[in-house]
Structures are given as C-alpha cells and as structure tokens.
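Colleague: I have some labels to check with you. Can we go through how each one was reached?

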Amino acid sequence: RIGMGFAGFAALSLALASEGSAGGHMSRLRAESKLPRGFSIGTTGFGFAPAEKPSMKAKMNLTLIALDRPTDSFAAVFTRNAFPGAPVIVGKSRMSAERIQAVVVNNKISNVCAGSPNGPVADSERVCAELATALGLGAAELVLPCSTGIIGWRLPVGEMCAALPALAAARQSESALPAATGIMTTDAYPKLRAEEVLGGRIVAFAKGAGMIEPNMATMLAYVLTDLAVPRAALREMLPRVAAVSFNCISVDGDQSTSDTLIALASGKVPMPTGAAAEAALAEVEAALTRVCTALATDIVRNGEGVRHIIDVTVTGAPTAAAARAIGKAVVNSNLFKCAVAGNDPNVGRILAAVGSCAGVVIPDAKLDNAKVSMGGRVLFADGRFQLDGDTEDALYAYFKQAEMPKHADTVGEEGFPFPPHERAVEILVELGVGSESARVLGADLTGEYVEINADYRS
C-alpha cells in the first residue's frame with residue numbers, strides 16, 4: 001500500500017478503539033468528549049410542522065455552546081457560496097464584535113433565502129436575542145447562530161424561541177458528545193476529536209454527510225479550546241488549518257450554503273509568552289490541524305451512502321493548488337466513483353480525470369513522465385498502462401477489502417452504525433512537472449446516496 005494517507009491521521013486513534021471491543025467507538029468518543037475549561041453544552045428538541053409542508057411531522061434539535069465568560073478570542077471561516085444562509089450573513093457580521101459568549105445551532109432547516117414575513121436574517125437575529133435573554137447575556141451580538149438542513153424553508157421561530165429556556169437550563173460542563181449528536185442531520189453517527197496540548201485541551205466536533213465539497217471549511221464544525229490563544233493568532237491560523245483539512249475533502253462535489261467552521265478559546269489556560277510564544281502558537285496550530293484533519297476524514301467516511309473512501313495523493317505538481325485541483329478531479333469523477341462503488345477496477349477513468357483537469361490548470365505541462373499507482377501497484381507509466389489479468393484480479397480484491405457495508409447493514413453501537421474499519425482505496429498520481437503536492441479524500445457514488453437524496457425532505 002502507498003501508506004496510511006490522509007485517513008491515517010484519524011485511523012490511528014479510531015482503529016485502535018474500533019478493533020479492540022464492541023463498544024470501541026463510543027468508548028473513544030466518551031473519553032475524548034470532555035469539555036475544555038470554561039465551556040458548557042446544552043441540547044433540546046421539539047416537534048413542529050414546517051410552514052412549507054404542514055402535513056409533515058418534523059423534529060428539530062437545538063444545540064447550545066456557551067462560555068462561562070465572553071471571549072474576544074474567536075474565529076470563523078464561512079462558505080463562499082453566493083447565496084449564503086442567513087446565519088452565515090449574521091455570523092460574518094459578528095466577526096467585528098469585541099466578544100462572543102454563545103453559539104446556537106439548529107438542524108432540520110438551514111434558513112437560506114427563506115420566504116418568512118420578516119426575512120431570514122431577522123429570524124436568526126430574533127433567535128439570538130431570545131437566547132441572550134434566556135442566558136442573561138443582555139445583548140444578541142454575543143450570540144452566533146448556525147443552521148443546517150433543508151434549503152429554502154422558514155425557521156419555526158416561535159417554537160424555537162419557546163424551547164430556548166429549556167435549552168439554557170440543559171447546560172452541562174462535562175461532555176461535548178451531546179452537541180456532536182444534536183447537530184446531526186443525515187449523519188449516521190457523531191463525529192468528535194480531541195487533543196491535549198500545552199496543558200490545555202482542544203475538542204472539536206462536526207456534522208456533515210452530504211453536500212460536501214467545501215470551499216472554505218465543512219458543513220458545520222466547532223473547535224473549542226481553553227488555551228488563551230490571542231484573537232489575531234487564532235484568526236490567522238484557522239484558515240490555514242481549514243485549507244489542509246476540510247478543504248481537501250469531497251463526498252459529492254456540492255458546496256453548501258451554510259458551511260461554517262468556528263473556533264472559540266475560553267482563555268482559561270495561559271499560553272507561553274516571550275521567546276517561547278511563537279513556538280507555542282505553532283504547536284497549537286499543529287494540534288488544530290491534526291484534530292480538524294481527523295474530523296474531515298470522519299465526515300467523508302460517514303458520507304451519505306459511502307461504501308469506499310478514495311484517498312488521492314498528487315505529487316510533482318507546479319503548484320499546490322494544481323495538485324489539489326487534480327486530486328479533486330479524481331475523487332469527483334462520477335464515472336470513477338461509480339466504478340469504485342461496484343468494485344470495478346476501471347483505472348482508465350483515473351487517467352481521464354487527471355488529464356481533463358491538468359489540461360485546464362496546467363495546460364502547458366508535459367506529462368511524459370506521469371505515473372499512476374493504486375495500492376502501491378503501478379498502473380500507468382511511460383505513457384502506457386501496465387495492466388494484465390493478475391493486475392485486474394489484484395485490484396478487484398483491493399477494492400473489496402476497502403469496502404464498507406451499508407449503514408443499514410452495520411451492527412450499531414448504541415444505535416450508531418460506526419464503520420467497521422478505516423481502509424481506503426489509495427491512489428498516487430505523480431505528475432513529474434514540479435515539487436508541490438496535495439492529498440484529497442473522497443468517496444464512491446452508490447445507489448444508497450441517490451436514495452437518500454431522492455427522499456431527503458420526507
């Protein structure tokens with residue numbers, strides 16, 4: 001095999017847990033879910049009938065992330081979609097605020113371009129104001145909203161506001177796992193990662209299973225730390241972290257209108273100062289990158305209908321951007337994704353995807369020395385494929401060993417169908433025209449994905 005690849009960051013901890021005992025996944029999640037100092041989490045839910053479909057019986061979860069005290073150290077990266085959701089519009093405006101003390105998240109409805117009487121932005125602001133009152137904060141500007149779910153539908157603002165006192169009362173400061181579970185939509189299981197660094201703690205959780213090819217971050221992701229990371233430093237490092245983690249994944253090539261990555265620092269644990277400050281910040285950024293990379297891997301593995309992970313490394317590119325684009329061209333090729341889903345080693349589709357993208361992003365490059373390998377086996381070199389009957393059989397077996405069962409066919413832990421292994425279909429594309437590289441993670445395209453998205457609103 002080529003190596004552990006992009007998935008290796010997450011595989012180290014998750015594979016040890018999942019292969020050790022029947023309750024391995026939940027044991028790991030509980031062990032890692034301890035909240036950093038200065039944070040509390042609350043969740044609640046309620047039933048409602050959507051205004052756009054009154055006959056539907058729907059349930060919405062509300063999730064609260066609260067700090068004991070307002071913090072000036074917060075950062076976010078938002079979707080670049082030209083039709084952002086109202087929470088993204090509000091969230092961007094909050095970035096100029098001096099402090100933030102709470103984040104409120106709802107699932108089921110994303111509040112994007114909704115036809116509500118007062119407008120979707122006003123709806124989000126009303127929820128923030130009512131939550132500020134319930135928490136005794138005094139100002140809506142201390143609350144940052146997030147929404148995920150169906151695009152175009154109106155928030156049930158009245159029902160949401162009625163549930164906010166219960167949400168505030170449900171706060172606890174022990175575990176982030178209820179939040180990781182509460183923000184789920186079509187996710188099969190909660191996704192949470194954590195790391196200790198410099199005497200402090202980083203805990204991050206995310207949701208996302210479809211509409212995943214972020215152009216900034218992910219679906220919804222939250223990073224909490226008790227380290228006193230300065231505001232300016234946090235805002236400088238978060239986009240860099242997103243670029244090498246969440247920006248290097250794709251499930252279906254669709255970017256959401258609601259993508260949001262938020263980092264909050266409570267400041268309970270002092271950071272080194274003086275000559276040690278720069279090295280300390282670099283250590284924090286490295287830890288953030290590891291945590292976010294692991295979460296990004298979890299998101300793809302939990303993708304809607306995903307049966308195979310596709311792990312593509314592109315080397316020898318003239319720029320990192322070109323390497324990333326070519327990697328994404330492979331993982332987003334519907335022809336290749338379908339072939340992988342069927343365990344059909346139709347490797348010509350890899351070369352077609354690479355060539356199609358390279359002809360656009362590096363049109364003048366001579367790819368005479370290009371090489372393509374899969375699972376450590378060279379498939380294309382010196383301008384020719386290197387295929388025979390043994391290769392065909394070996395690749396079929398390689399696809400089969402990386403295959404995961406349907407979520408519905410997976411024996412669940414406490415109701416969650418966690419993946420039974422961390423294997424991937426690993427592809428190496430060596431372009432030979434530069435020194436830059438990138439690693440991109442994607443997934444196959446199955447009938448289950450079509451079924452989920454053909455019936456998403458039901």
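The questions below take the labels one by one.

Modeller: Keep in mind that this is a predicted model.

Colleague: Why is Ala397 called partly exposed?

Modeller: Its relative accessible area is 42%. Buried needs under 20%, and exposed needs over 50%. The value of 42% lies in between, so Ala397 is partly exposed.

Colleague: Where does Ala397 lie?

Modeller: Ala397 lies in helix H12, residues 389–402. Asp344 is 53 residues from Ala397 in sequence, with 9.9 Å between their C-alpha atoms.

Colleague: What makes S3 largely enclosed by the rest of the structure?

Modeller: Strand S3 covers residues 74–78. Four of its five residues are buried, so the strand is largely enclosed. Buried here means under 20% relative accessible area.

Colleague: How do you know that S3 and S9 pair?

Modeller: Pairing takes at least two bridges. Five bridges join S3 to S9, residues 260–269, so the two strands pair. They run antiparallel. Phe78 stands opposite Thr260 in S9.

Colleague: Why is S6 described as largely enclosed?

Modeller: Six of the seven residues of S6, residues 191–197, are buried, so the rest of the structure largely encloses this strand.

Colleague: What makes S6 and S7 a pair?

Modeller: The cut-off is at least two bridges. S6 and S7, residues 200–207, have seven bridges, so they count as paired. The sense is antiparallel. Leu192 stands opposite Phe205 in S7.

Colleague: Which residue takes a positive phi in the hairpin of S6 and S7?

Modeller: Leu198 does, with phi near 55°. This hairpin has two residues between the strands.

Definitions and conventions. Residues are numbered from 1 along each chain as its sequence is written. This is a predicted model: local features need pLDDT of at least 70, side-chain atom pairs count only at pLDDT 80 or more; totals for chains, interfaces and linings use all residues. Side-chain values use heavy atoms; hydrogens and water are left out. Buried means under 20% relative accessible area, exposed over 50%, partly exposed in between (1.4 Å probe, protein chains only).
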